[in-house]
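The questions below concern the pockets and cavities of one model. Each is answered in turn.

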Amino acid sequence: LEESTKLPACGFNRRTPVIFAVEPMSANVELLEKLRTKLPKAVQNSIYIDHAAMGLQAGETCMTGENTTGNERGMSNGNVGSEACREGQIRVPLNNLSSWSQENTIKHINYLKIDVEGFDPDVLLGSKDVVKSGMVDMLSFEYHELALWKKTSLQTISTKLDSFGYDTYV
């Protein structure tokens, strides 16, 4: 094929994919911003970093955990509304994928990676409308014995994804 007609892997219809990173810990947001500046301009302009958390419903959450670079152990209290955060917590916007994708006018997602340290069931359930609509080609998430996975069956989530037309691999 001629160079101009080749498409990148995964069916992207452009040479530089658009990447959204949603990160609740401000130290990690700062690190991502610094790393982005080291990339070529075309790539920098296609990466969007959102200082927020993802969950079941939109609102605000209080994040507990050490706000240091590389920390992945921040824990969300869920939607706290106007409730005050405790000392040592940081308040961040809380989104679900449905409201977030509408706010950002996202019509299609080639690959959705969810890495929320055990709160994957809430993010997946908060993404139900988007995932069910077929606008996500492929998604991945972690399964382990942290947080909500202690009381949520992987089989339940897998069956739900199967009912939306996805092939699940455990």
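Q: Which residues lie nearest the centre of the second largest pocket?
A: This is a predicted model, in which local features need pLDDT of at least 70, side-chain atom pairs count only at pLDDT 80 or more, and totals for chains, interfaces and linings use all residues. Residues are numbered from 1 along each chain as its sequence is written, and side-chain values use heavy atoms, without hydrogens and water. On a 1 Å grid over the protein atoms alone, a pocket is an open set of points with protein on both sides within 12 Å along at least five of seven lines, a cavity is a set where a 1.4 Å probe fits but cannot get out, and lining residues have an atom within 4 Å of a point. The second largest pocket has 13 lining residues, and those nearest its centre are Leu139, Phe141, Asp167, Thr168 and Tyr169.

Q: Which element gives the largest share of the lining of the second largest pocket?
A: Strand 8 (136–141) and helix 6 each give two or more residues to this lining, where helices (H or I, at least four residues) and strands (E, at least two) are DSSP runs numbered from the N terminus. The largest share, five residues, comes from strand 8.

Q: Which residues line the largest cavity?
A: The structure holds one cavity of 30 Å³ or more. The lining of the largest cavity consists of Leu124, Leu125, Lys128, Val131, Ile157, Lys160, Leu161 and Phe164.

Q: Which element gives the largest share of the lining of the largest cavity?
A: Helix 4 (120–126), helix 5 (128–133) and helix 6 (154–163) each give two or more residues to this lining. The largest share, three residues, comes from helix 6.

Terms used. Points joined across faces, edges and corners; volume = space filled by probe spheres on them.
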